[in-house]
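Let me put the sequence and the structure up, and then I'll talk you through a few spots.

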Amino acid sequence: MTSPHDVHEVQFDGLVGPTHNYAGLSPGNVASARHAGAASNPKQAALEGLRKMAFVRRLGVPQAVLPPHERPSLQALRSLGFQGRDEEVLASAARYEGGHLLRLVSSASAMWSANAATVTPSADTHDGRCHLTAANLTTMFHRSIEARERATILRAIFGNSARFVVHDALPGGAHFSDEGAANHTRLHANGRAVHLLAWGKRSWGAMPGPVRHPARHALEASQAIARSHGIHADRTLFWQQHPEGIDGGSFHTDVLAVGSGSLFLAHELAFADRERLGSTLRERLGESLELVWASNDELPLSDAVDAYPFNSQLLERSDGTFVIVAPIDAKENERAHAFLNRVLATVDRVKEIHYLDVRQSMRNGGGPACLRLRVPLTTGEMHALTGRVFLTDDLERELEQWIEKHYPDRISVDNLADSRFVRGLFQALDELTTILKLGSIYDFQRA
Ligand code: SUG
């Protein structure tokens with residue numbers, strides 16, 4: 001087992017794509033429904049995301065970037081039977097269902113990289129390699145089309161097979177629906193680790209589930225991933241998300257909980273049977289595990305869902321102290337702000353909270369924690385990555401110029417149906433793969 005001191009939790013943020021818009025595509029995601037049809041600003045969204053990455057890097061945390069996906073996805077439209085030249089495919093898709101399908105295949109949802117994959121660090125796997133499984137995201141059509149491209153992109157970065165294994169997404173269908181790391185928390189203390197793998201539904205076996213909103217993640221998906229990653233059995237803990245939490249808008253676990261190392265912050269409606277969860281975690285990890293629960297009285301579920309205080313990044317510094325990077329919305333909500341202030345006042349190791357503006361993403365239900373995939377890597381593994389994905393001053397400047405040059409500050413279905421506009425987007429992505437030294441990762445580059 002690798003010494004914990006040689007492990008760095010790298011933050012892989014999804015760069016917001018140029019088609020970012022509000023289409024109300026995710027039932028059960030309160031913000032997405034609330035902002036359906038609102039005007040989006042892709043350029044501002046991408047710059048907000050880039051500023052967050054730059055901020056996190058300046059805290060001394062390794063920060064990397066994942067490229068956006070090719071949108072609109074002509075491949076998805078062709079697989080649904082739209083035929084002809086690209087312009088014909090786009091034009092006929094735009095006429096279908098009032099342009100709704102074109103919006104679905106144009107979503108920039110790949111930005112929420114907490115849903116990109118489930119990651120197991122090499123220290124916890126049987127073969128001593130770091131394993132990543134692209135999430136199939138089967139519950140929402142617009143997200144399910146991310147899975148194939150995701151595996152391609154992850155292989156372009158984690159291609160060194162001596163150190164990494166990138167698994168294709170689990171087979172589709174509701175039985176194994178998988179939403180990736182947004183439902184996965186790795187805690188560790190006293191040389192022991194626990195992978196808390198949360199699920200909203202069971203494919204086999206009755207259980208009380210949510211009644212208003214869909215449960216997205218199947219227990220069976222997490223079990224399959226634990227098997228294929230070869231996670232030591234004594235390090236897994238499968239736990240149900242609270243059905244009331246899902247019905248209140250917590251479509252992913254990370255809406256109501258965040259944990260890192262031996263610190264875990266959660267709302268009482270994040271998990272079913274939370275007392276037993278707390279005692280099980282303590283049995284496994286020992287007394288140094290610090291659990292902070294917010295009761296529904298202290299922080300009503302609706303405030304937690306509106307303001308996303310738990311969808312913060314809990315970043316551990318090399319001296320063992322923590323910095324919280326929270327959405328600005330959590331500062332503007334009195335109850336959410338009071339909760340985070342309580343954490344700051346009572347948890348010795350939490351030294352700072354910073355509130356950042358990622359509102360363009362928040363309006364679709366994605367806070368700071370949704371925008372990043374955590375990948376714990378040893379120094380050797382960090383050096384074994386391919387591509388130029390770690391943020392540096394130079395890369396930050398180049399990405400900013402690239403966004404300024406190519407991104408629109410508004411977008412409509414008419415734009416998405418316009419093949420000249422779409423060619424411009426693909427041209428931009430082509431340039432991006434040069435900046436990031438990733439080779440040909442997009443369908444249009446491989447055609
Ligand atoms: O899957 N929103 C995303 C938000 C994902 C947030 N991620 C985490 N919690 N980890 C979703 O619901 C809305 C797109 C739209 O409506 O246009 C959307 O896909």
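Predicted model: local features only at pLDDT ≥ 70, side-chain atom pairs only at ≥ 80, totals over all residues.

Numbering starts from 1 along each chain as its sequence is written, and side-chain values use heavy atoms, with hydrogens and water left out.

So, strand β10, residues 263–267. Helices (H or I, at least four residues) and strands (E, at least two) are DSSP runs, numbered from the N terminus. Five of the five residues in β10 are buried, so the strand is largely enclosed by the rest of the structure. Buried here means under 20% relative accessible area, exposed is over 50%, and partly exposed is in between, using a 1.4 Å probe and protein chains only. In a regular strand the side chains alternate between the two faces of the sheet. Here both faces are covered: Leu 263, Leu 265 and His 267 are buried on one side, Phe 264 and Ala 266 on the other.

Who does β10 pair with? On one hand there's β9, residues 257–260, antiparallel to β10 and joined to it by four bridges; strands pair if DSSP finds at least two bridges between them. Ser 260 stands opposite Leu 263 there. The hairpin has two residues between the strands, and Gly 261 takes a positive phi near 60° in it. On the other hand, β11, residues 290–294, pairs with β10 in the parallel sense over five bridges, with Phe 264 opposite Leu 291.

β10, helix α10 (residues 274–285) and β11 make a right-handed β-α-β unit. Right-handed means that, with the strands pointing away from you, the path from the first strand over the helix to the second runs clockwise.

Most residues other than glycine have a negative phi, and most peptide bonds are trans. Asp 273, in the loop between β10 and α10, has a positive phi near 50°, and it's partly exposed at 42% relative accessible area. Asn 190 also has a positive phi near 50°, in the loop between β6 (184–189) and β7 (192–199). And there's a cis peptide bond between Arg 71 and Pro 72, omega about -5°.

On to rings. Rings of Phe, Tyr and Trp (its six-membered ring) pair if their centres lie within 6.5 Å; planes under 30 degrees apart are stacked, over 60 edge-to-face, the rest tilted. That rule gives nine aromatic pairs. One of them is Phe 158 with Phe 164, edge-to-face at 5.2 Å centre to centre and 85° between the planes.

Last, the core: a nonpolar core is a set of buried Ala, Val, Leu, Ile, Met, Phe, Trp, Tyr and Cys residues joined through side-chain atoms within 4.5 Å. Which residues touch the most other members of the largest one? Out of 122 residues, they're Phe 12, Phe 158, Phe 271 and Leu 399. Helix α18, residues 419–435, gives the most to this core, with seven residues. Apart from it lies another core of seven residues, among them Leu 59, Leu 315, Val 323 and Val 325.

That's my tour, thanks.
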